[in-house]
Structure formats: C-alpha cells, structure tokens
Amino acid sequence: MPVRRLTSTEDYRLAHREGRRYAGDLAVIYVRRTGRGETRIGVTVGRQAGGAVRRNRLRRRVREALRHLGDLAGGVDLVVIPRPAAGTVPFLQLSASLRDALA
C-alpha cells in the first residue's frame, strides 16, 4: 500500500473534525477513513515542544517510527500529534507507543 504525506490544510482539518481520536502516552493520533487506495500521514508538532530545531527533529523521529511500523491499513488519513515527551524517550519506546496507539 503506498504511503504519502498529507499536504493540504483542509485534509488536516477533516482528519481532526471527522476522524477518530486515539490518545497514547506519547502521541495523539487522528484516523479518518477516505476510501482511497493509499494511506496518507501528516505530523503536526505544536510550539510547546520547543523551538524549530526541536520540533523538526521530533517530526523526523515520528515519521521514521511510523516507517518502521511497516504496512499500514489503506484508505486512511493519519494525523499524528506527538507530545513533547516523545522527543526525550528512546526511539524503540516511541515506536512501541505509536504501534500500540494504532492497534
């Protein structure tokens, strides 16, 4: 299943408004069914996570952790909002937390 990035603001808004919310200890994930044959993923990091360098590093870590999860269900939009603590935990713990939240 191809995985792409969410790019439009409207898609993020629809995922927040119409998607189901799953909260983990390190991230909040919104899942919205689209019926398309692809999975689209967006990562949003708030300013409470720190400056631009920290936010970008956290965004890269989350994308990599999602990539390591393997094949995700098709036809969904995922918006992942990591909590600030996700930047300080070991990578394997972040990966496990995202896997548990998506299960």
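This report walks through the helices of a predicted model and then visits a few single residues around them.

## Helix 1

Let us begin with helix 1, which runs over residues 9-18. Its buried residues are D11, Y12, L14 and A15. Viewed down the axis of helix 1, these buried residues fall within an arc of 160 degrees, so they line one face of the helix.

What lies over that face? The cover for the buried residues of helix 1 includes strand 3, strand 4 (39-43) and strand 5.

## Helix 2

Next comes helix 2, with 17 residues.

The buried residues of helix 2 are R55, L58, R59, R61, V62, A65 and L66. Around the axis they cover an arc of only 165 degrees, which puts them on the same side of helix 2. On the other side of this helix, V53, R60 and R67 are exposed. Strand 4, strand 5 and helix 3 are what the buried residues of helix 2 pack against.

## Helix 3

Helix 3 covers residues 91-102, 12 residues in total. From its first C-alpha to its last it reaches 17 Å, close to the 16 Å expected at 1.5 Å a residue.

Here the buried residues are L94, S95, S97, L98 and A101. Seen down the axis of helix 3, they fall within an arc of 160 degrees, so they line one face of the helix. L92 and D100, on the other side of helix 3, are exposed. As for partners, the buried residues of helix 3 pack against strand 2 (20-23), strand 3 (27-33), helix 2 (52-68) and strand 5 (76-82).

## Where helix 2 meets helix 3

Two packed helices are described by the angle between their axes and the distance between the axes. For helix 2 and helix 3, the axes come within 9 Å and cross at roughly 65 degrees. The crossing of these two helices is right-handed.

Which residues make the contact? Helix 2 brings R61, V62, E64, A65, L66 and H68, while helix 3 brings F91, L94, S95, L98 and L102. Sorted by class, the contact of helix 2 with helix 3 has seven nonpolar, two polar and two charged residues.

## A closer look at V62

V62 sits in helix 2 and is one of the residues in the contact with helix 3. Is V62 buried or exposed? Its relative accessibility is 1%, and because buried means under 20%, V62 counts as buried.

Setting aside residues up to four places away in sequence, V62 touches V43, V80, P82, L94 and L98. Two of these, L94 and L98, belong to the buried set of helix 3. R40 is 22 residues from V62 along the chain, and their C-alpha atoms are separated by 14 Å.

## Loop residues worth a visit

V45 lies in the loop between strand 4 and helix 2. With 8% relative accessibility, V45 counts as buried. Leaving out residues up to four places away in sequence, V45 touches R55, L58, R59 and P82; R55, L58 and R59 are among the buried residues of helix 2. The C-alpha atoms of V45 and Y30 are separated by 14 Å, with the two residues 15 apart along the chain.

Two glycines complete the tour. G87 is in the loop between strand 5 and helix 3 and is partly exposed, with a relative accessible area of 26%. Although G87 and L58 are 29 residues apart in sequence, their C-alpha atoms are 5.5 Å apart in space. Beyond its neighbours within four places in sequence, G87 is in contact with R57, L58 and R61. G74 is in the loop between helix 2 and strand 5, and at 31% relative accessibility G74 counts as partly exposed. From G74 to T7 the distance is 17 Å, C-alpha to C-alpha, for residues 67 apart in sequence.

Definitions and conventions. Residues are numbered from 1 along each chain as its sequence is written. This is a predicted model: local features need pLDDT of at least 70, side-chain atom pairs count only at pLDDT 80 or more; totals for chains, interfaces and linings use all residues. Side-chain values use heavy atoms; hydrogens and water are left out. Helices (H or I, at least four residues) and strands (E, at least two) are DSSP runs, numbered from the N terminus. The expected span of a helix is 1.5 Å times one less than its number of residues. Buried means under 20% relative accessible area, exposed over 50%, partly exposed in between (1.4 Å probe, protein chains only). The arc is that of the directions from the helix axis to the C-beta atoms. Contact means heavy atoms within 4.5 Å. Axes are lines fitted to C-alpha atoms, for helices over the stretch in contact, and angles run from 0 to 180 degrees between N-to-C directions. A crossing is left-handed if the near helix is turned anticlockwise from the far one by less than a right angle, and right-handed if clockwise. Ala, Val, Leu, Ile, Met, Phe, Trp, Tyr, Cys and Pro count as nonpolar, Asp, Glu, Lys and Arg as charged, and the others, Gly among them, as polar.
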